[in-house]
Amino acid sequence: MSVISLFIVVCIAILTLAISRQIWAKKAFKQRSLSGISGILLFIKLIKITQQHRGMHSGFLSGNHDCKEKLNQLELGIDQLYKSLLAFETLHAYPASRSVQYPIKQWQRLMHHHTLSSAESFQLHSGLIARQLDAIWDMSDEFSLTSHPHENIRDAAKQLVKTLPELAESVGQVRALCMQIASKHEMRADKKLQLVFTLGKIEDHIKTLITPLPSLCNERLNQFISNINRHIQNSTLDKENPDILFEQATQVIDEIYDFIFIGFKTLEDDIS
């Protein structure tokens with residue numbers, strides 16, 4: 001074989017190797033992003049039932065003891081989701097600095113408090129959920145979803161792990177506050193102010209959505225906001241049935257989460 005022929009063969013081999021490495025790197029990048037979605041979905045479910053626990057715990061501490069059995073079920077579910085997330089982190093060599101162990105410690109401290117008022121429970125739960133929301137953003141970034149090179153995937157991921165969960169969280173805070181007020185049959189000025197502020201946050205979140213909520217979900221959300229605003233103006237929220245208020249809020253929140261889960265399925269298809 002001549003020197004020129006040998007040179008050509010070597011060049012082709014180098015080029016082939018470079019292309020193969022590039023293909024492998026793209027495939028590995030795509031697979032890691034897809035793997036991240038499975039962990040993020042666990043986190044989304046965790047946030048959802050932590051929000052439910054906050055609402056019921058607020059009602060329970062305000063005198064609605066019918067919540068006790070459901071609270072126990074939620075606590076078992078939360079513990080199991082934390083275990084699943086820890087197993088996910090181990091499988092994917094997730095950085096310890098971003099580990100779910102920090103929210104776990106907050107959750108355990110919350111469960112060890114046995115003399116909480118409903119207001120203290122609300123604050124501790126809300127602080128925990130804020131930590132969870134930060135952690136889910138970190139996970140999305142670690143698995144190159146909110147930092148994806150493709151703008152459409154990056155923007156969709158931001159809505160799914162930030163804007164929509166924050167919208168659901170604001171509705172969840174309203175649900176918990178309503179449970180406190182209706183269970184205690186007491187409408188204090190500070191609770192009224194909290195409600196008005198949080199209802200304003202809901203409207204702000206809606207305005208920042210890239211993809212709007214489904215029409216039926218958006219209609220129910222607006223009806224819920226109008227209903228609570230009417231009760232605030234008429235000072236009648238403390239006379240409402242707390243279970244009905246919980247169900248109305250939960251229906252809206254469930255539909256927001258359904259929209260999130262559908263969005264992740266679309267995101268998986270786009271990445272694939």
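In the predicted model, Glu169 and Arg54 are both buried, and their side chains meet in a salt bridge with an N to O distance of 2.7 Å.

The structure holds 10 salt bridges. Another of these joins Asp254 to Lys48, with the closest N and O atoms 3.3 Å apart. Here, too, distant parts of the chain are linked, Asp254 lying in helix H8 (residues 242-271) and Lys48 in helix H1 (residues 3-61), 206 residues apart. The two partners fall into separate accessibility classes: Asp254, at 26% relative accessibility, counts as partly exposed, whereas Lys48, at 18%, counts as buried because the cut-off for that class is under 20%.

A further salt bridge is formed by Arg220 and Glu255, whose closest N and O atoms are 2.2 Å apart. Arg220 lies in helix H7 (residues 215-234) and Glu255 in helix H8, so the pair ties together parts that are 35 residues apart in sequence. Arg220 is partly exposed, with a relative accessibility of 24%, while Glu255 is buried, with a relative accessible area of 17%. Beyond these pairs, a network of salt bridges links Arg32, Arg98, Asp141 and Glu142.

H5 is mostly covered, 25 of its 34 residues being buried. Just after the helix, His185 takes a positive phi of about 60 degrees.

Helix H3 (residues 101-112) has 12 residues, and its end C-alpha atoms are 16 Å apart, which agrees with the span of 16 Å that should follow at 1.5 Å a residue. Its buried residues are Pro103, Ile104, Gln106, Trp107 and Leu110. Around the axis they cover an arc of only 160 degrees, so they are placed on the same side of H3.

With regard to nonpolar packing, it may be recalled that in soluble globular proteins nonpolar side chains tend to be buried together. In the present model, the largest nonpolar core has 71 residues, and those with the most contacts inside it are Leu164, Leu195, Leu213, Ile228, Ile256, Phe264 and Leu267. Two or more residues are given to this core by each of H1, helix H2 (68-91), H3, helix H4 (118-142), H5, helix H6 (189-207), H7 and H8. The largest share, 15 residues, comes from H5. Residues up to four places away in sequence being left out of the count, Ile256 touches Leu164, Leu167, Ala168, Val171, Leu213 and Cys217; among these neighbours, Leu164 and Leu213 are also listed with Ile256 as having the most contacts inside the core.

How values were computed. Residues are numbered from 1 along each chain as its sequence is written. This is a predicted model: local features need pLDDT of at least 70, side-chain atom pairs count only at pLDDT 80 or more; totals for chains, interfaces and linings use all residues. Side-chain values use heavy atoms; hydrogens and water are left out. A salt bridge is a side-chain nitrogen of Lys or Arg within 4 Å of a carboxyl oxygen of Asp or Glu. Helices (H or I, at least four residues) and strands (E, at least two) are DSSP runs, numbered from the N terminus. Buried means under 20% relative accessible area, exposed over 50%, partly exposed in between (1.4 Å probe, protein chains only). The expected span of a helix is 1.5 Å times one less than its number of residues. The arc is that of the directions from the helix axis to the C-beta atoms. A nonpolar core is a set of buried Ala, Val, Leu, Ile, Met, Phe, Trp, Tyr and Cys residues joined through side-chain atoms within 4.5 Å. Contact means heavy atoms within 4.5 Å.
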